[in-house]
Amino acid sequence: MQKFFISTLFSLIIFVVSCSPKVTQTGKASYYHDKFHGRTTANGEIYRKGKLTAAHRTLPFGTKVKVINQTNGKRVKVRINDRGPFAGGRIIDLSKKAAKRINMMDAGVTDVKIKYKK
C-alpha cells in the first residue's frame, strides 16, 4: 500500500511539473556591448559576456528562457539576470556568448522567438 501511494504521488508530481504552461513571445533580440562587461546587472550580479544570460523587461530573475533565431533556427538557453532592453521593438538582450550561439553577431539585431515556463 505504501509503495502504491509513493508511486502515485511521484507520478502526480511529474505530471504537474511537465504540464506547466509554456509561453512564447516573438520580437527582436539584441546583445550587450562589450562596455557592459563587469558592470552590475539589475539583480546584483556582475555581467559576464562569457555567460549565457539575458535581460528581459518583466520576467522574474532566474527564469530560464529558450531563444530561437528565426532567421537560421539556432537556439540557446539563457537565464534572466537583468532588466531591458529599452530600445523599441526589442524583447530580449543577450549576452555576447548567447548571441554567438545563435549566430546573430553580424546582424546585431535579429528576429527571435522566446519560450519559457510560466
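**Surface, fold and salt bridges**

The chain exposes about 7500 Å², and carbon and sulfur atoms supply 56% of that area. Accessible areas here come from the Shrake-Rupley method with a 1.4 Å probe, and for residues only the protein chains shown count as cover.

Before going on, the basis. This is a predicted model, where local features need pLDDT of at least 70, side-chain atom pairs count only at pLDDT 80 or more, and totals for chains, interfaces and linings use all residues. Residues are numbered from 1 along each chain as its sequence is written, and side-chain values use heavy atoms, with hydrogens and water left out.

Of the 118 residues in the chain, 31% are buried. Buried means under 20% relative accessible area, exposed means over 50%, and partly exposed lies in between, with a 1.4 Å probe and protein chains only.

Now the fold. The chain has two helices and six strands, and from the N terminus on they run α-β-β-β-β-β-α-β. Helices (H or I, at least four residues) and strands (E, at least two) are DSSP runs, numbered from the N terminus.

In what order do the six strands close into a barrel? The order is β1-β5-β2-β4-β3-β6, with mixed pairing. Neighbouring strands of this sheet are turned by 45° against each other on average, direction ignored. For that angle, axes are lines fitted to C-alpha atoms, for helices over the stretch in contact, and angles run from 0 to 180 degrees between N-to-C directions. Two strands pair if DSSP finds at least two bridges between them. Strand β2 and strand β4 (residues 75-82) run parallel and are joined by three bridges. A54 stands opposite I80 in β4.

On sequence separation: among contacts between residues at least 6 apart in sequence, 72% join residues at least 24 apart. A contact means heavy atoms within 4.5 Å. K117 sits in strand β6, residues 110-117, and counts as partly exposed because its relative accessibility is 43%.

That leaves the charged pairs. How many salt bridges does the structure hold? It holds four, a salt bridge being a side-chain nitrogen of Lys or Arg within 4 Å of a carboxyl oxygen of Asp or Glu.

I will take one of them on its own. The side chains of K28 and D111 meet at 2.8 Å, N to O. This pair links distant parts of the chain, with K28 in strand β1 (residues 22-31) and D111 in strand β6, 83 residues apart. K28 is partly exposed at 35% relative accessible area, and D111 is partly exposed at 36%.

Next, a network of salt bridges links D34, K49 and K96. K96 forms a salt bridge with D34, the closest N and O atoms being 3.0 Å apart. Here K96 is in helix α2 (residues 96-101) and D34 is in the loop between β1 and β2, 62 residues apart. The side chains of K49 and D34 meet in a salt bridge at 3.8 Å, N to O. K49 is also in the loop between β1 and β2 (53-55), 15 residues from D34.

Which of these residues are buried, and which partly exposed? K96 counts as buried because its relative accessibility is 17%. K49 is partly exposed at 31%, and D34 is partly exposed at 36%.
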